[in-house]
Amino acid sequence: MPRWALPTGQVKLSAAWLIERAGFTRGCAEGPVGLSTRHALAIVAHDGARAGDVVAFARRVQSAVVDRFGVRLTQEPVFWGMPAL
């Protein structure tokens with residue numbers, strides 16, 4: 001597993017690596033939402049997708065990573081008007 005030591009003593013892991021090995025490969029989709037074909041960190045919404053679809057997909061990805069590796073991914077974007085993932 002790719003990892004980088006931080007000056008704080010913590011270890012940074014590759015979220016993309018974790019996501020792909022948890023079963024979400026680049027380009028995979030569930031209905032109108034999925035991962036980019038170029039990068040596992042980018043969730044894409046296709047025609048007909050709703051914000052709730054994107055959030056639900058992100059939660060499934062997070063859950064799969066926790067179940068497989070025991071690592072909780074932290075979201076980067078801030079969602080306004082929606083609960084945090």
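What share of the contacts in the protein chain with a separation of 6 or more is accounted for by residues 24 or more positions apart? Such residues account for 34% of them, where a contact means heavy atoms within 4.5 Å.

This is a predicted model, in which local features need pLDDT of at least 70 and side-chain atom pairs count only at pLDDT 80 or more, while totals for chains, interfaces and linings use all residues. Residues are numbered from 1 along each chain as its sequence is written, and side-chain values use heavy atoms, with hydrogens and water left out.

**View 1. The protein chain and its order of elements.** The protein chain has two helices and five strands, which follow the pattern β-β-α-β-β-β-α along the sequence; helices (H or I, at least four residues) and strands (E, at least two) are DSSP runs, numbered from the N terminus. Of the 85 residues, 25% are buried, that is, under 20% relative accessible area with a 1.4 Å probe, protein chains only.

**View 2. Ser14 and its surroundings.** Ser14 lies in the loop between strand 2 (11–13) and helix 1 (15–21), and is buried, with a relative accessible area of 18%. Its side chain reaches the backbone nitrogen of Trp17 at 3.2 Å, and, when residues up to four places away in sequence are not counted, Ser14 touches Pro2 and Trp4.

**View 3. Helix 2 and its buried residues.** Among the buried residues of helix 2 are Val55, Phe57, Ala58 and Val61, and the buried residues of this helix pack against helix 1, strand 3 (29–30), strand 4 (33–35) and strand 5 (43–45). Gly70, whose phi is positive, near 75 degrees, follows helix 2.

Methods:
Buried means under 20% relative accessible area, exposed over 50%, partly exposed in between (1.4 Å probe, protein chains only). A polar contact is a pair of N or O atoms within 3.5 Å; within protein, one must be able to donate a hydrogen and the other to accept it, and residues adjacent in sequence count only if both atoms are side-chain atoms.
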